[in-house]
Each structure stands twice: as structure tokens, then as C-alpha cells.
Amino acid sequence: MKNSRFLYGLIIFILAFFLGFLIIRQFYFQKEIKKVTSPDQTEALAIEVGELLKNTEKQHKQVEQLKVEKDNLQKSIYDRSKAEQTMDENIAKYQILTGTTKVQGEGVEITIDYKLTLAQQVDLLNALRNIGAEAIAINNKRITAKTGLDQNTFSMPYGIHVIGNKNILYEALTRRGGIIEQLGQAEVSKKDKLILPAS
Amino acid sequence: MVIILFIVGIGIGFLLTVQSRTKVSRVLNPLAPFASLKDAVLDLTNQQNQLKGQIETFNQDIASLQAQVKLSQHSTNNRSDQLEALQKEAGATQLQGKGLEIILDDSPSGPITSNAIAHAADLRDLVNYLWANGTQAIAINDERIVGTTSIDCIVNTVLINNTKLVAPFKISVLGDQNYLEAKVKDKNGLKDIYERVSSEGIQFSVRKAEVIIPAYKGSILIERAKVIQ
């Protein structure tokens with residue numbers, strides 16, 4: 001009788017021990033989640049610095065590119081073949097931006113096989129533009145600046161092709177707290193050659 | 001007896017877990033990360049403004065050079081026309097005409113909670129909705145929305161085309177005035193925004209207006225994509 005009471009107590013003790021363990025685990029887990037969803041001031045600043053750095057780098061590249069373009073145009077005033085070449089380069093750039101032609105290049109393929117809400121689709125497109133997408137197609141339909149989505153534009157599964165620096169795109173998509181983690185999950189793979197249709 | 005064991009058990013479970021999760025850390029300087037990050041933000045913001053100015057100057061120079069080339073190289077006229085049409089379509093030129101002016105602003109009263117302010121997500125939804133309804137051109141606080149534009153949020157500011165914007169947001173829209181106005185006023189079309197208007201008090205209004213949509217002030221980086229004819 002005494003023995004069974006001891007055993008009983010021991011079981012309660014062990015159960016309580018684990019309960020304590022679980023409660024604290026849960027507490028830490030909640031804290032982790034809170035950190036991801038609402039970063040404190042220092043973290044917010046760190047995010048801002050990260051974003052600013054990325055943009056500054058982009059701007060430096062843009063300035064370099066514009067220097068070359070200006071230089072070429074200056075030469076073009078008196079040189080017909082240079083003028084033609086410069087214009088062709090510029091035409092190609094704007095054709096890519098407006099989606100008026102087929103394009104080819106390296107990039108990533110994203111596959112999502114569950115339904116995304118309209119807001120999630122909008123956020124995903126926005127994130128792709130943010131991380132340097134040069135051309136985007138969803139289910140083989142080209143996305144341009146003026147593409148407006150509604151609930152029925154695309155249906156699952158979503159096959160998303162993105163042309164751009166494949167390593168940068170891949171890292172930005174799959175990092176912790178990145179858009180894929182925010183959406184849930186997706187398969188992302190680097191591709192050496194993607195071909196996207198005109199819009 | 002059982003109750004005591006229960007309490008002691010929980011207590012030990014608590015302590016052991018806390019113990020195992022606590023790492024001894026060395027405090028070098030509690031202020032350092034915060035202060036240096038603040039400096040970095042200031043520094044980078046200044047740099048960005050300078051670079052933005054440079055890019056704008058380049059764009060102006062390039063536009064006038066393009067006009068000169070057009071005059072001096074008549075044989076390239078077809079190309080010039082094609083380029084100008086594409087630039088217009090892409091948002092590289094200023095546009096003007098009939099359209100809408102939409103204002104989105106934080107809630108004017110009450111405690112400032114993260115829900116009572118205008119979000120980047122509201123702007124994203126609105127822009128997507130406007131394109132879906134046949135809008136021709138959009139600018140938010142004079143930042144043109146082009147193919148590479150993303151609308152992001154950093155804490156309480158909105159970032160569009162490398163530029164920090166704060167509320168109120170003025171969304172200038174070029175397009176069919178009557179049709180677009182009706183669409184923007186349709187509470188089923190912009191459900192999320194109108195819900196936030198009634199529950200959190202954010203400000204949202206639309207009116208017909210003569211609008212100027214400025215040219216995109218940045219530059220477009222295309223490095224990996226190639227045209228296939």
C-alpha cells in the first residue's frame with residue numbers, strides 16, 4: 001500500500017516535471033515567433049540598414065550603367081553605327097521591362113502546389129521585384145508593371161519563372177524570414193536558362 | 001503529499017529548462033549595436049539621396065542627347081520612334097491627363113497601433129486593383145510605379161523606388177475617370193482597405209482630378225535577361 005502510493009507520487013512528479021518543461025519550451029517558442037513577426041527597435045534598424053545597403057548597391061550599378069549610356073549617346077551624335085547600336089541596346093532594355101518580347105536568361109523556378117490568396121500572390125510578386133527580378137512569368141503568362149491580378153487570374157499549382165541573378169534570387173527567396181517562409185513553403189530551384197513569353 | 005510533489009516537479013522542470021536555455025553572454029557595450037546602426041542609417045540615407053540626384057541628372061542628360069542624336073542621325077528615326085514609344089509605355093516619361101487622386105492616410109485619432117496606420121500592403125493591394133481595372137499610369141507621392149517597382153515597409157515608413165515615403169499617401173492615377181472612380185468606391189472590390197477604414201479608422205478618399213504622373217526617376221538594371229525576337 002505504501003509502495004503503490006510512492007509509485008503514484010513518482011508518476012505525478014515525472015508528469016509535472018515534463019509539464020514544467022513544456023510550459024517553458026512554449027514560452028521560448030512564443031518569444032521566438034514574436035521576434036520574427038515584430039522585431040524590436042535594434043532589429044528593425046538592422047533590417048533598415050540591410051534594405052538601404054541593397055538599394056545603395058543597386059544605385060551604384062545604375063550610375064555606372066548610365067555613365068556608359070551617356071558616353072555612347074555622345075559618340076552617337078556623329079557616328080551612325082554607334083547611334084544604331086546604342087538605340088538597339090536601349091530598345092531591348094525597354095522591351096524587357098514592358099514585356100513586349102520573349103526573353104531568355106538565368107533565374108529561378110518556384111513551384112507552389114497549394115492555393116495562395118490574392119494578397120499572397122500580390123506580396124509574392126512584390127517580393128520578386130524587390131529582390132531584383134528582371135522578368136517574371138506565372139504559369140507561362142508574362143507579368144508586367146501593368147498586370148493586375150484578381151482571384152481568378154491564376155490557379156494552383158503555380159509555376160513561377162523569374163529571370164535575374166539566380167544565386168541572389170535563390171538566397172533571397174529561401175532565407176529565414178524570406179517570402180517563401182512567410183507564404184508557407186515552396187520548391188525553389190536555380191535555372192541556367194529560362195524562356196519567358198511576351199505579354 | 002501529491003500536490004507538493006506536483007509543485008516541486010513543475011518547479012524543477014522550469015528551472016532545468018531555463019538553465020539549459022541560458023547562455024552566458026559577454027556584454028561588450030550595450031549601446032553599440034543600436035548606435036552604430038543609427039549612424040549607418042543616416043549615412044546610407046545621405047548616400048542614397050546623392051546617388052538619386054546623380055541618376056536624375058544622368059537621365060536628363062541622356063534624354064537631351066537622345067533628342068540630339070535624333071536630329072543628327074535621320075536614318076535612325078524608326079528606332080527613335082520605337083524607343084520613345086517603349087519609354088512612354090515603361091514609365092520613363094511624364095504623363096498628364098484626366099484621372100483620379102486617391103488619398104490614403106493614418107487614422108487621425110486614437111492610440112497609434114500598428115493597425116491604425118496606412119500600410120505598404122494597402123498600397124500594394126490598391127495598385128494591383130487599379131492595374132486590374134485598366135489604369136494607364138500610377139504614381140504614389142510622385143514616385144512612378146514601373147515594372148521593377150516594389151512597395152515595401154520598413155518599420156513605419158514605406159519604401160518605393162529606393163525612396164522613403166510617409167503618410168499621407170497621394171496616389172495619382174491616369175485612366176477612365178468615371179469607371180475607375182466607381183471601381184475604387186466599390187467596397188467589395190477593395191474589401192480589405194474598406195474594412196480597415198471602418199474598424200481602424202484609416203483615411204481613404206478618392207476624387208476626380210487632372211493629374212500629372214511624373215517620369216520614373218531611377219534607372220533600370222537589366223543584366224541577365226536577353227530579348228529573343
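Asn161(B) is buried in this predicted model, and its relative accessible area comes out at 12%. That residue sits in the loop between strand 5 and strand 6 of chain B. What does the side chain of Asn161(B) pair up with through a polar contact? The partner is the side chain of Glu143(B), at 3.2 Å. Leaving aside residues up to four places away in sequence, Asn161(B) touches Lys52(B), Glu143(B), Arg144(B), Thr149(B), Ser150(B) and Tyr216(B).

Is Lys52(B) buried or exposed? Its relative accessible area is 17%, and because buried means under 20%, Lys52(B) counts as buried. You'll find Lys52(B) in helix 2 of chain B. Setting aside residues up to four places away in sequence, Lys52(B) touches Glu143(B), Asn161(B) and Thr163(B), plus Gln59(A) from the other chain.

**The sheets of chain B**

One open sheet of chain B has 3 strands in the order 4-5-6, with antiparallel pairing. Its edges are strand 4 (151-154) and strand 6 (163-165), each of which pairs on one side only. On average, neighbouring strands here are turned by 35° against each other, direction ignored. Strand 4 of chain B is joined to strand 5 (residues 157-160) by 4 bridges, and Ile151(B) stands opposite Ile160(B) in strand 5.

The other open sheet described for chain B has 5 strands, ordered 3-2-7-1-8, and the pairing is again antiparallel. Strand 3 (143-144) and strand 8 (203-213) of chain B are the edge strands. Strand 2 (residues 137-140) of chain B meets strand 3 over 2 antiparallel bridges. Ile140(B) stands opposite Glu143(B) in strand 3, and that is the Glu143(B) whose side chain makes the polar contact with Asn161(B).

Which strands does helix 4 of chain B touch as it packs on this sheet? They are strand 1 (95-105), strand 2, strand 7 (169-174) and strand 8, and the helix direction makes about 165° with that of strand 2. Helix 4 (residues 120-132) of chain B also lies across strand 4 and strand 5, running at about 170° to strand 4.

**Chain B as a whole**

Chain B has 6 helices and 9 strands. Its radius of gyration is 26 Å, well over the 17 Å that the globule rule gives for 229 residues, so chain B is more spread out than a compact globule. Along its principal axes, the C-alpha trace of chain B spans about 100 × 45 × 40 Å. Even so, 42% of the 229 residues count as buried. Of the contacts in chain B with a separation of 6 or more, 75% are between residues 24 or more positions apart.

In soluble globular proteins, nonpolar side chains tend to be buried together. Here the largest nonpolar core has 30 residues, and the members touching the most others are Tyr94(A), Val103(A), Ile163(A), Leu196(A), Val69(B) and Ile220(B). Two or more residues each come from helix 2 (41-76), helix 3 (80-98), strand 2 (135-138) and strand 5 (187-196) of chain A, as well as from helix 2 (32-72) and helix 3 (77-90) of chain B. A second, separate core of 29 residues includes Val127(B), Val173(B), Leu180(B) and Phe204(B).

Strand 4 (residues 158-163) of chain A pairs with strand 1 (residues 102-112) in the antiparallel sense over 6 bridges. Ile112(A) stands opposite Tyr158(A) in that pairing. Strand 4 of chain A also pairs with strand 2, antiparallel over 4 bridges, and Ala137(A) has His161(A) as its bridge partner.

The peptide bond joining Met156(A) and Pro157(A) is cis, with omega about -5°, and Pro157(A) lies in the loop between strand 3 (141-143) and strand 4 of chain A. Chain B has a cis bond from Ala167(B) to Pro168(B), with omega near 0°. Pro168(B) belongs to the loop between strand 6 and strand 7 of chain B.

Two residues in the loop between strand 2 and strand 3 of chain A, Asn139(A) and Asn140(A), have a positive phi without being glycines.

| Residue | Phi | Relative accessible area | Class |
|---|---|---|---|
| Asn139(A) | about 45° | 34% | partly exposed |
| Asn140(A) | about 65° | 55% | exposed |

Key:
Residues numbered from 1 in each chain as written. Chains lettered and ligands numbered in written order. Predicted model: local features only at pLDDT ≥ 70, side-chain atom pairs only at ≥ 80, totals over all residues. Heavy atoms only, no water. Core = buried A, V, L, I, M, F, W, Y, C linked by side-chain atoms within 4.5 Å. Buried < 20%, exposed > 50% of the residue type's maximum accessible area, 1.4 Å probe, protein only. Pairing = 2+ DSSP bridges. Axes fitted to C-alpha atoms, helices over the stretch in contact; angles between N-to-C directions. Contact = heavy atoms within 4.5 Å. Polar contact = N/O pair within 3.5 Å; in protein donor to acceptor, adjacent residues only side chain to side chain. Rg over C-alpha atoms; globule rule 2.2 N^0.38 Å.
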